[in-house]
Amino acid sequence: MSKPKLIRVTTVPISLEKLLGKQLSFMDQHFDLTAVSADASALVEVGKKLGVKSYPVEMTRQITPVQDLKALWKMYRFLKSERPDVIHSHTPKAGLVSMLAAKLAGVPHRLHTVAGLPLMEAQGLKRKILMLVEQLTYTAATHVYPNSKGLSDFILENKLTTSSKLKVIANGSSNGIDTTYFDKDNLDQNDLLVLKKSLKIEDDDKVFIFVGRLVGDKGLNELIEAFDEIGKNNTATKLILVGTFEDELDPLQTSTLEKIKSNSNIINVGWQTDVRPYLAIADILTFPSYREGFPNVVMQAGAMGLASIVSNINGCNEIIIEYKNGLIIPVKNKKVLAEAMQKLLNDQVLLNSLKTNARPMIVDRYQQQGVWDALLTEYKSLLGVKS
């Protein structure tokens, strides 16, 4: 008996690899799976790495009407040829293109996962366009899966779709977290000592860390200013920045860039293939983002035993429980952020408690296999297949 056909779609291949990864390999055991994304050469490599079939459809992350229509046509032709039972998209452009094409092609089960909404920070005409894009995507989809309760609430409050289409899988998150991989005990302690020495981190330093795109809507302007302020009275502190600047999309303020360059206690290590060593030498994740879906880095940091300071936004305020495994602060408030950072510098008992609780709370709620199993159960339920 042949397996049901499943198509998984993201806009760019790195999302297939980093957002979903081995989940695709797992689902390929149960379905005839094809991964679809842009950038044919990179997509082939991701497909080989995960052991799944792939098919390229060129898509852009920006609003590009001509290219988008070409992508829609190619996706439609592919789906008419393949006749899949289920198509499941992630990321905004992939969702729009694949859901519209799948509806036109008559794909019976059209699923879209929402993992963050850029429109949350957009204003004016741009916000209206992004709202329309989401509404079109959700209208064409048969099921919409916000990856956090907060996102689900936002979608309903803004009337982007009906409650009957919405469902949060498991406890949230698109992929859960591999808590065996993100485990400080699995790293070589000598390697960590060498890393600390190379970054000039002393044994008595308290180390904050940020992991993600170094852009304005991740709260970097507020974070750098807050750290610069508390550093005046706390010389034994460091801030590690792991990520890349995106000057063309969301550049940091000039004053922020100057502080990053001039403050010797701010350590910018750029993009890293493996963030675990940097999390392992840190004490506190600082993540004052303006908007998220369900942030992987907060789960990763927790699994590595870090306390977290996060902004009061969906996803973050579901992973972090106040005074249990971290602190929650208002969005865009550098004063309260600085106070929270100072609080954890001053209160070692509280810091130790948050760090002790961090890993067990992630393992209990967001273990990767549990998320995969819940999604597999959802697929089988839609197809009328008994588990």
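# Notebook: strands, cores and salt bridges

I began with a count over the whole structure, and the search finds 18 salt bridges. The model I am working from is a predicted one. As background, I noted that side chains of opposite charge can pair when their charged atoms come close.

**Entry 1: Glu-82 and Lys-5**

I picked one pair from the search. The side chains of Lys-5 and Glu-82 meet in a salt bridge, at 3.4 Å from N to O. I then looked up where the two residues sit in the chain. Glu-82 belongs to helix α4 (residues 65–82) and Lys-5 to strand β1, so the pair links distant parts of the chain, 77 residues apart. Are the two partners buried or exposed? Glu-82 has 22% relative accessibility and counts as partly exposed. Lys-5, at 24% relative accessibility, also counts as partly exposed. Partly exposed covers the range between the 20% limit for buried and the 50% limit for exposed.

**Entry 2: the strands around β2**

For one position I wrote down the partner: Leu-6 is bridged to Leu-33 in β2. On to the next pairing: β2 and strand β3 (residues 53–56) are parallel too, over 4 bridges. Here Ser-37 stands opposite Pro-56 in β3. I traced the chain from β2 to β3 and saw that it passes through helix α3 (residues 40–50), in a right-handed β-α-β crossover.

**Entry 3: a sheet of 6 strands**

Next I looked at an open sheet of 6 strands, and its order is β9-β8-β7-β10-β11-β12, with parallel pairing. Which strands stand at the edges? They are β9 (266–270) and β12 (326–329); each has a single partner strand, so one side of each is left without a neighbour in the sheet. Neighbouring strands of this sheet are turned by 20° against each other on average, direction ignored.

Strand β7 (residues 206–211) and strand β10 (residues 284–287) run parallel and are joined by 2 bridges. Ile-209 has Leu-285 in β10 as its bridge partner.

Two helices lie across these strands. Helix α12 (residues 296–303) lies across β7, β10 and β11 (307–311), and it runs at about 170° to β10. Helix α15 (residues 348–366) lies across β7, β10, β11 and β12, running at about 90° to β11.

**Entry 4: the nonpolar cores**

Ile-209 came up again when I turned to the cores. The largest nonpolar core has 65 residues, and Ile-209 is among those that touch the most other members, together with Leu-199, Ile-240, Leu-241, Val-298, Ile-309 and Met-341. I listed some contacts of Ile-209 beyond four places in sequence, including Leu-239, Ile-240, Val-242, Tyr-278, Leu-279 and Leu-306. Another core lies apart from the largest one; it has 34 residues, among them Leu-72, Ala-101, Leu-130 and Leu-166. In soluble globular proteins, nonpolar side chains tend to be buried together.

I went back to the salt bridges and took Arg-213. Asp-217 forms one with Arg-213, the closest N and O atoms being 3.8 Å apart. Arg-213 is partly exposed, with a relative accessible area of 27%, while Asp-217 counts as buried at 12% relative accessibility. The side chain of Glu-246 also meets Arg-213 in a salt bridge, at 3.3 Å from N to O. This pair links distant parts of the chain, 33 residues apart: Glu-246 is in the loop between β8 (237–242) and α10 (254–262), and Arg-213 is in the loop between β7 and α9 (220–230). Glu-246 has 11% relative accessibility and counts as buried. Which residues do the shared partners join into one network? They are Arg-213, Asp-217, Glu-246 and Arg-291.

**Entry 5: Ala-170**

Last, I looked up Ala-170, which is found in the loop between α7 (149–157) and α8 (189–198). Ala-170 is partly exposed, with a relative accessible area of 42%. Not counting residues up to four places away in sequence, Ala-170 touches Val-371 and Ala-374. From Ala-170 to Ile-266 I noted 96 residues in sequence and 37 Å in space, C-alpha to C-alpha.

Technical notes
Residues numbered from 1 in each chain as written. Predicted model: local features only at pLDDT ≥ 70, side-chain atom pairs only at ≥ 80, totals over all residues. Heavy atoms only, no water. Pairing = 2+ DSSP bridges. Right-handed = clockwise from strand over helix to strand, strands pointing away. Axes fitted to C-alpha atoms, helices over the stretch in contact; angles between N-to-C directions. Contact = heavy atoms within 4.5 Å. Core = buried A, V, L, I, M, F, W, Y, C linked by side-chain atoms within 4.5 Å. Buried < 20%, exposed > 50% of the residue type's maximum accessible area, 1.4 Å probe, protein only. Salt bridge = Lys/Arg side-chain N within 4 Å of Asp/Glu carboxyl O.
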